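Thanks, everyone. I have one structure to walk through today. Please take a look at it before I start.

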Amino acid sequence: MSAQTAHPRDAEQQPLPRTQNAVAQALPPADRMEFYREMGEADETELLGVLRRWWLRARLYADPLPEETRTAVEAGRAPGRSATPLLREALAAREAGR
């Protein structure tokens, strides 16, 4: 039995290193400046969280959604429920439990 990649592009792409320089390089210039600002303002307890969050965003730029999925999301036709009603329901449930 052999292992195949779950995503055909996985075999072609190198993983994005979780370093400040690699993340900054993978981001568009406008996001890069925001990344550097957040990294500069983070204290030692926040630093890894900021790097991780931006690393995930940089991975999206490196491996964007397929065109048909992106179009469906933008048009509101993607499967699943919108986050807004879910958040409202969760807030209402929490307030009802008080």
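Predicted model: local features only at pLDDT ≥ 70, side-chain atom pairs only at ≥ 80, totals over all residues.

Let's start with helix H2. It runs over residues 29-41, which makes 13 residues. From its first C-alpha to its last it reaches 19 Å. That is close to the 18 Å expected at 1.5 Å a residue.

Which residues of H2 are buried? Four of them: Asp31, Phe35, Glu38 and Met39. They sit on the same side of H2, because they cover an arc of only 100° around the axis. Turn to the other side of H2, and you find Pro29, Ala30, Met33, Gly40 and Glu41 exposed. What covers the buried residues? The cover includes helix H1, residues 20-26, and helix H3, residues 47-62.

Now the charges. How many salt bridges does a search of the whole structure find? Three.

Take glutamate 34 with arginine 37. Their closest N and O atoms are 2.4 Å apart. The two residues are three apart in helix H2, so about one helical turn separates them. As a reminder, an α-helix has 3.6 residues a turn, so residues three or four places apart point the same way. Glutamate 34 is partly exposed, at 29% relative accessible area. Arginine 37 is partly exposed too, at 38%.

Next, arginine 37 with glutamate 41. This salt bridge is 2.6 Å, N to O. Here the spacing in helix H2 is four residues, again about one helical turn. Glutamate 41 counts as exposed, at 56% relative accessibility.

Then glutamate 38 with arginine 53. Their side chains meet in a salt bridge at 2.4 Å, N to O. This pair links distant parts of the chain. Glutamate 38 is in helix H2, arginine 53 is in helix H3, and they are 15 residues apart. Glutamate 38 counts as buried, because its relative accessibility is 16% and the cut-off is under 20%. Arginine 53 is partly exposed, at 41%.

What does aspartate 31 touch? Leaving out residues up to four places away in sequence, it touches Trp54, Arg57 and Tyr61.

Last stop, the core. In soluble globular proteins, nonpolar side chains tend to be buried together. Here the largest nonpolar core has 13 residues. Those with the most contacts inside it are Val23, Leu27, Phe35 and Trp54. Which elements give two or more residues to this core? H1, H2 and H3. The largest share, five residues, comes from H3.

Look at valine 23 for the detail. Set aside its neighbours within four places in sequence. Valine 23 is then in contact with Pro17, Phe35, Leu51, Trp54, Trp55 and Ala58. Phe35 is also one of the buried residues of H2.

That's it from me. Over to you for questions.

Definitions and conventions. Residues numbered from 1 in each chain as written. Heavy atoms only, no water. Expected span 1.5 Å × (residues − 1). Buried < 20%, exposed > 50% of the residue type's maximum accessible area, 1.4 Å probe, protein only. Arc of directions from axis to C-beta. Contact = heavy atoms within 4.5 Å. Salt bridge = Lys/Arg side-chain N within 4 Å of Asp/Glu carboxyl O. Core = buried A, V, L, I, M, F, W, Y, C linked by side-chain atoms within 4.5 Å.
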